[in-house]
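Please look over the sequence and the model shown here before turning to the notes below.

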Amino acid sequence: MSKVIISPSILSADFANLERDIKRVEKAGADWLHVDVMDGHFVPNITIGVPVVKSIKKVASIPLDVHLMIENPEKYIEPFAKAGADILTFHYEAVQDVKSVIDLIKSFGVKAGMSIKPKTNAKEVIKYLNDLDLLLVMTVEPGFGGQSFMSDCADKLPIIKQNAKDNLIIQVDGGINAETAKICTSKGANSLVAGNYVYNSQDIQKAIESLR
């Protein structure tokens, strides 16, 4: 996978003008749209749910990369899949039976992703890599946008890369900008989530190109 997949996070968009801001990143060359779902339990923040994803699906022309930062994600796989998620990423730390959640996601014809928080050791998830379509390494504590990049989290990337099948999407999320993107891609990441860096830039297209 030579091209780096850029997935701007709509957490940094203007929610009163969500359609406009989705179109802006699509036009600027974004590959996917990253949708952060937070429940106020697994992470301290509350964001959006199924109805918003359903509405976004109507106006978005690129895949919806839906990141479930929620407890009991297995209860919500079906509604989010039916709402139009193309990729569903759950947290390793939020489930008891990882394999059954991966299988459940795939049963709806959706790509299965799993995310690990900064304190989780990469070696814990090696045994699941062949079952996944995507592994997301958080480079900040999940819950809020605009946090600083934690460089030690990027050290997990070579371990994932060494043990992954060739087509695994290795994604990073948190504090991503032109500088930190280079660190992550040099260590094996091939998908970058960026919110503030993309949406707060004067030239969104230039920001996206700088990440690639």
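This is a predicted model: local features need pLDDT of at least 70, side-chain atom pairs count only at pLDDT 80 or more; totals for chains, interfaces and linings use all residues.

Residues are numbered from 1 along each chain as its sequence is written, and side-chain values use heavy atoms, with hydrogens and water left out.

**Overall form**

- The protein has nine helices and eight strands, where helices (H or I, at least four residues) and strands (E, at least two) are DSSP runs numbered from the N terminus.
- Its radius of gyration is 16 Å, close to the 17 Å that the globule rule gives for 212 residues, so the protein is as compact as a globular protein of that length; the radius is taken over C-alpha atoms, and the rule is 2.2 Å times the number of residues to the power 0.38.
- The C-alpha trace spans about 40 × 35 × 30 Å along the principal axes of the protein.
- Of the 212 residues, 54% are buried, where buried means under 20% relative accessible area, exposed over 50%, and partly exposed in between (1.4 Å probe, protein chains only).
- The protein exposes about 9,400 Å², of which carbon and sulfur atoms supply 48%; accessible areas come from the Shrake-Rupley method with a 1.4 Å probe, and for residues only the protein chains shown count as cover.
- Among contacts (heavy atoms within 4.5 Å) with a separation of 6 or more, 64% are between residues 24 or more positions apart.

**Helix 9**

- In helix 9, which covers residues 204-211, the residues Ile204, Ala207, Ile208 and Leu211 are buried.
- Seen down the axis of helix 9, these buried residues fall within an arc of 95°, so they line one face of the helix; the arc is that of the directions from the helix axis to the C-beta atoms.
- The buried residues of helix 9 pack against strand 1 (5-8), helix 1 (18-27), helix 7 (178-186), strand 8 (191-194) and helix 8 (196-199).
- At the start of helix 9, a side-chain oxygen of Asp203 comes to within 3.2 Å of the backbone nitrogen of Gln205.

**Salt bridges**

- Side chains of opposite charge can pair when their charged atoms come close.
- Eleven salt bridges are found in a search of the whole structure, each being a side-chain nitrogen of Lys or Arg within 4 Å of a carboxyl oxygen of Asp or Glu.
- Lys3 and Asp31 form a salt bridge at 2.5 Å, N to O; the pair links distant parts of the chain, with Lys3 in the segment before strand 1 and Asp31, 28 residues apart from it, in the loop between helix 1 and strand 2 (33-38).
- Lys3 is partly exposed, at 46% relative accessible area, whereas Asp31 is buried, at 14%.
- Asp21 is buried at 2% relative accessibility, and its side chain forms salt bridges with Arg20 at 2.9 Å and with Arg24 at 2.9 Å.
- Asp21 and Arg24 both lie in helix 1, three residues apart, about one turn of the helix.
- Arg20 is partly exposed at 42% relative accessibility, and Arg24 is partly exposed at 35%.
- A network of salt bridges links Asp14, Arg20, Asp21 and Arg24.

**Ala154**

- Ala154 lies in helix 5 (residues 151-154) and is buried, with a relative accessible area of 0%.
- Leaving aside neighbours within four places in sequence, Ala154 is in contact with Thr139, Phe149, Ile183, Cys184 and Lys187.
- The C-alpha atoms of Ala154 and Ala189 are separated by 8.9 Å, although these residues are 35 residues apart along the chain.

How values were computed. A polar contact is a pair of N or O atoms within 3.5 Å; within protein, one must be able to donate a hydrogen and the other to accept it, and residues adjacent in sequence count only if both atoms are side-chain atoms.
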